[in-house]
Amino acid sequence: MTEYEYIPIVKEAHAFREISLDFTTPAEIFRESIANSLDAYARRIWLRTSVEDRRARETVVIDLVDDGFGLNENTIKAFLNLSDSVKSEAPPPGNPARRMTGYKGHGTKIYYNSEQVEVLSYDGRSSPVYCRMVDPRGELAVNKVPKADIKKLSLEALKQQREGWGFGELGLGQGTSIRVLGYHQNTKSGLEHDRLRDFVLWFTRWGSWEPKLCAVAKTTSTEVADLTKCSLFLRGLGKKPSQQTAFCLSRRMIVTVCHISDSRGNRPDYVALTVDCIDGWPLDVLRS
Ligand SMILES: Nc1ncnc2c1ncn2[C@@H]1O[C@H](COP(=O)(O)OP(=O)(O)OP(=O)(O)O)[C@@H](O)[C@H]1O
Ligand SMILES: [Mg+2]
């Protein structure tokens, strides 16, 4: 029998589609976007949801905005591509390095489970860029890779578009604004302000317990200290205006378990369990 080489291929539309459907609840889009914004060294993040009538249909609008390292005409392609990940090599001057969360190049592809994705970004050096992808979910459903239209913008057009989307405070600074329409079949459940706030605090990088852990363990971390100075402005459904949420206002419990050895130091005698509930609950020490 003749031997021959075979290089496996990727069924592109199928791969994009499966990854776009990875998340089971709509709030998870915020976990992804917070990770991406923090990886882009954002210091301010705005997350907003609203419901608008578009073409006589109720449409959920999700805005994911930050003032981090923006994208340009070339780097925006990694945002659109599958398995393409570009992270900043160095922190902005004077800032401590951050540990990156994302590396797979899958995350933003969950935005394709929507009726439209728009990205408006500026890296502070190259021309601002705007990109629009129409009906990615529909295209993937018929086994097509959705097309994106990318165009360079003037600074004036960037400013106008940011103002039009309600993020005029970004001015002409660097940053990325992502607008996703009709995400996850327009599901509203889970996007109500209080539920979304809880989600952000429990299940995203913003709800980090590291500051509390540093305090309990009496250690310091320049990265964590720096992140506590960042701001997140959240507006879930039914809430106006945005509410600021502090980094690490987590409701998680910190549970510290340690073995206390006997006098010869070789056999655990008992376990000390420290439960420290954040949000003002008293420190509770249990022993067994
Ligand atoms: N808010 C943002 N600001 C700047 N660049 C971004 C932002 N969001 C995404 N990107 C760019 O898009 C690329 C793709 O993002 P994506 O979330 O798909 O992958 P990732 O974060 O690298 O990995 P993961 O799949 O683990 O999330 C990133 O590597 C980054 O270059
Ligand atoms: Mg990511």
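These legends go with a handful of close-up views of the structure above.

This is a predicted model, where local features need pLDDT of at least 70 and side-chain atom pairs count only at pLDDT 80 or more, while totals for chains, interfaces and linings use all residues. Residues are numbered from 1 along each chain as its sequence is written, and chains are lettered from A and ligands numbered from 1 in the order in which they are written.

View 1. Helices (H or I, at least four residues) and strands (E, at least two) are DSSP runs, counted off from the N terminus. Of the 288 residues in the protein, 31% are buried; that label takes 20 or more other C-beta atoms within 10 Å of the residue's own, with 12 or fewer making it exposed, anything in between partly exposed, and C-beta atoms placed from the backbone. Take the contacts between residues at least 6 apart in sequence, and 66% of them link residues at least 24 apart. A contact here is a pair of C-beta atoms, placed from the backbone, within 7 Å.

**View 2. The shell around ligand 1, made of 22 residues.** The closest ones are N36, S85, G102, K104 and G107. To be near a molecule, a residue needs its C-beta atom, placed from the backbone, within 6 Å of it. By type, the shell has 11 polar residues, seven nonpolar and four charged. Nonpolar covers Ala, Val, Leu, Ile, Met, Phe, Trp, Tyr, Cys and Pro, charged covers Asp, Glu, Lys and Arg, and the others, Gly among them, go down as polar.

View 3. Strand 3 (residues 116–122) runs antiparallel to strand 4, joined by six bridges; strands pair if DSSP finds at least two bridges between them. S121 has V129 as its bridge partner. The two strands make a hairpin with six residues between them, and G124 in the turn has a positive phi of about 85°. Strand 5 (residues 148–152) is also antiparallel to strand 4, through five bridges, and its K151 stands opposite Y130.

**View 4. K188, in the loop between strand 6 (175–181) and helix 6 (193–203).** K188 is partly exposed because it has 15 other C-beta atoms within 10 Å. Leaving out residues up to four places away in sequence, K188 touches V51, V60 and L237. T49 is 139 residues from K188 in sequence, yet the C-alpha to C-alpha distance is 9.3 Å.

Notes: Contact = placed C-beta atoms within 7 Å.
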